[in-house]
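Keep the structure open as you read.

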Amino acid sequence: MPKILKDPEMNRCILCYSCMLACARHNYDSLSVDRAALMVRTAGGMQGRFVASICRSCRRATCAEACPSGALTQRPHGGAVFVRERCIGCGRCAPACKAGYLQMEPHLRIPLFCKQCGLCARFCPHGCLVMEEANAHA
Amino acid sequence: MPERTAPRILEVDLAARRVEVTSRPDLIPALGGSGLAARLFGERFDRDPAAASHLFVLAGGPLAAAYPLATKVAAVFKSPLTGEYGESHAGGRLGLALRFTGYDAVVVHGRAEHPVYLTVACHDVAFGDAEAIWDLSCDESGRILRQLQGSPGTRSILRIGPAGTRGVAFACVNVDTWRHFGRLGLGAVFGAMNLKGIVVSGDADEPLPRRGEYLKLYREIYDTVVKTDALSKYHALGTAVNVRGLSGAGAFPTRNLRQASFEAADAISGEAFAERFLLRQIACSSCPVGCIHVALHRKAFDAKEHEYESKGVSYDYELISALGAMVGVGEPAGVIELIEAAESLGLDAISAGVLAAWTIEATERGLVTPADTGVEGLAFGAVDAIAALLSRIVRSDLPFHAAARRGLAHLAERYGGSDFAALTAGNEMAQYYTGYASLAGLAAGPRHSHLDNAGYSLDQKNPDLPPAEVARLLVEEAECREVLTALHVCLFARKVYTPELTRRALAAAGIDMTAEEIAAVGRRNLLYKHALRGRMGFRYDAVVFPKRFFETPALGRTLEPGRMRATLDAYAARVAELAEAASAQAGGGGA
């Protein structure tokens with residue numbers, strides 16, 4: 001069964017950035033956390049909660065619906081598949097995201113789109129991020 | 001990742017509101033971090049010593065963002081507390097934010113005409129009007145700066161509190177709420193420069209190292225850090241784990257160091273904090289350990305009406321010692337309250353505790369009175385009175401307060417209590433009271449910190465070594481740590497970043513150096529700092545160890561002044577020997 005990214009234990013997050021660094025390193029050839037397909041940040045400063053902005057693997061991926069070039073297409077078990085070669089950089093996908101997650105990378109002119117590779121979860125020291133079976137909450 | 005490219009330096013003139021970016025290939029041999037910061041500071045100091053009170057340098061290391069726990073930043077400045085060389089290190093998000101601005105170091109000099117805050121970004125440096133936030137606490141000014149500066153991403157906010165703006169010589173700089181440039185008074189340097197804070201905001205892309213081994217090595221280091229026991233104590237109980245052991249061994253400064261063991265140690269142990277007060281652990285960015293321990297501070301502001309306020313307050317071993325045992329406070333809630341008081345004011349918590357402890361003893365002895373301090377009921381264990389004392393030292397203007405703002409050395413001399421002022425070379429002592437190696441190391445180390453050369457460890461492992469051997473080992477350890485703080489690796493990871501791993505990590509990041517070359521950086525940086533410290537006024541033979549150190553046994557052993565002096569002299573001799581050898585080598589080589 002395919003797996004999708006979930007963030008069930010963000011109360012345990014220590015804001016180490018290892019997840020974003022892993023995504024940047026493995027998926028974007030970059031050391032910069034700005035080139036990551038997820039974002040972990042504070043909600044209300046360092047005294048507050050730490051929250052994750054991740055792809056929510058929608059059964060009806062509105063990002064894919066908005067894409068005019070077929071770069072984003074619905075994945076059967078949730079979320080979408082991004083094919084970079086087809087992306088024309090129009091940016092319609094980002095505002096269409098129902099979770100407010102998707103961002104365009106301004107220099108690369110592509111969406112920073114989660115490919116559900118699970119490396120962020122692999123590099124989380126406290127299991128805040130996990131890869132779960134797609135039908136777990138059918 | 002740039003391959004040994006020249007460090008890119010941002011220079012900011014606060015008076016003229018001008019900036020300059022320079023490239024310094026001549027500074028490549030310093031490697032980065034504390035070595036780079038020291039040299040950038042030193043060259044300006046040498047040109048114009050008088051201007052050094054309005055000068056500081058922040059520098060990151062070449063491994064920032066590339067590997068776990070390698071993302072710290074060093075600050076170098078002239079310490080308002082000691083009048084001499086000052087160095088301090090901080091984590092938080094600063095290392096990452098600075099890396100992504102593309103600057104390896106930031107040199108800030110001059111005095112702003114009006115209160116300002118700086119914003120340093122990839123493509124802009126701006127001067128903001130800090131009038132509205134000038135008197136606010138570290139917390140509140142941080143919140144407003146965050147709000148004003150809007151964008152998320154890798155941003156770090158340095159800020160001072162009232163202690164800094166009022167020129168308290170042991171004022172700290174808060175970094176991202178939980179971390180600090182804590183010691184030796186960088187906060188007062190900011191204040192003297194009319195600088196309330198700095199927002200560092202980096203969004204540059206940093207391409208990945210091209211070397212094949214990099215991804216694999218990152219994984220290897222990450223797994224060693226997270227999956228082995230190598231750093232488990234730091235995220236479990238944190239440094240607070242040391243309370244029980246050090247008190248049991250007789251190395252825990254208590255009641256102004258009248259004792260080295262606290263009968264209430266169990267009550268304020270790391271275990272006690274964790275069981276009842278620990279809310280969460282937090283990490284500095286790019287560190288998967290999370291050694292920042294945040295406790296619940298809960299306080300009734302109207303006890304009758306049961307009205308409560310609460311917030312998170314971070315604690316560490318040295319804070320539990322300085323604002324706990326040193327001032328006779330034996331329960332966590334009281335310690336947390338005092339830490340919060342120091343945080344809110346923007347004071348170095350360790351210096352605050354040691355100075356407060358002295359004041360309590362001086363009051364007991366009648367050298368200082370409530371009329372002097374403006375505080376009634378000051379005694380060991382009197383949390384409210386101690387908190388009031390700290391507040392008054394920052395905000396009030398009786399002669400005692402003005403004197404206290406200059407630090408304990410000045411205060412004790414003025415009121416006649418130097419014998420029991422726990423100071424090492426003008427700095428309120430670090431909280432590891434183990435013996436000759438520790439005290440000599442605290443006096444001689446660039447930060448006057450136990451982490452400079454780990455004397456406390458030597459005292460425990462090998463307490464009977466002759467002074468010359470102690471000195472040799474301390475200096476050797478200091479040289480290793482100079483390498484780490486150039487990279488800038490957090491010293492908690494010192495056992496992970498062995499010389500061999502360091503060499504591999506640099507190589508995989510595109511920086512090819514042999515083990516010998518890397519070690520040579522450590523020696524070079526150590527010697528550079530020692531020479532600079534000398535030019536800034538440090539004299540080994542001017543260091544006075546207070547009588548208290550020879551009254552209270554350390555690790556159960558009473559220390560002798562003669563042997564203490566011999567140990568420090570041996571350290572000085574060892575450094576001189578290395579300096580001699582280095583200059584002979586340089587002279588012989590020819591250029």
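Strands here are DSSP runs of E with at least two residues, numbered from the N terminus. Two strands pair if DSSP finds at least two bridges between them. The model is a predicted one.

## The three-stranded sheet

Start with chain B. Strands β13, β14 and β15 of chain B form an open sheet, in the order β13-β14-β15. Their pairing is antiparallel. In chain B, β13 (278–282) and β15 (307–315) each have a single partner strand, so they stand at the edges and one side of each is left without a neighbour in the sheet. Neighbouring strands of this sheet are turned by 30° against each other on average, direction ignored.

Now look at the pairs. Strand β14(B) covers residues 292–302 and pairs with β15(B) over nine bridges, in the antiparallel sense. One of the partners in this pairing is B:Ala300, whose bridge partner in β15(B) is B:Tyr308. B:Asp302 stands opposite B:Glu307, which lies in β15(B).

What links β14(B) and β15(B) in their hairpin? Four residues lie between the strands. In this hairpin, B:His306 takes a positive phi near 55°.

## The six-stranded sheet

A second open sheet of chain B has six strands. Their order is β2-β1-β6-β3-β4-β5, and the pairing is mixed. Which strands are at the edges? They are β2 (18–23) and β5 (85–90) of chain B, and each pairs on one side only. The twist averages 15° from one strand to the next.

Within this sheet, strand β3 (residues 55–60) and strand β4 (residues 73–78) of chain B pair in the antiparallel sense, over five bridges. B:Leu58 has B:Ala75 as its bridge partner in β4(B).

| Strand pair | Sense | Bridges |
|---|---|---|
| β14(B) and β15(B) | antiparallel | nine bridges |
| β3(B) and β4(B) | antiparallel | five bridges |

## Where chain B meets chain A

Turn to the interface. How many residues of each chain are in contact? Chain B has 43 residues in contact with 26 residues of chain A. The two chains bury about 2900 Å² between them. Of this area, 55% is on carbon and sulfur atoms.

In one of the salt bridges, the side chains of A:Arg35 and B:Asp205 meet at 3.1 Å, N to O.

Which elements of chain B give two or more residues to the side that touches chain A? They are α3 (138–149), α6 (213–227), β13 and β15 of chain B. α6(B) gives the most, with eight residues. By type, the residues on this side of chain B divide into 21 nonpolar, nine polar and 13 charged.

How values were computed. Residues numbered from 1 in each chain as written. Chains lettered and ligands numbered in written order. Predicted model: local features only at pLDDT ≥ 70, side-chain atom pairs only at ≥ 80, totals over all residues. Heavy atoms only, no water. Axes fitted to C-alpha atoms, helices over the stretch in contact; angles between N-to-C directions. Contact = heavy atoms within 4.5 Å. Buried area = accessible area lost by both parts, 1.4 Å probe. Salt bridge = Lys/Arg side-chain N within 4 Å of Asp/Glu carboxyl O. Nonpolar A, V, L, I, M, F, W, Y, C, P; charged D, E, K, R; others polar.
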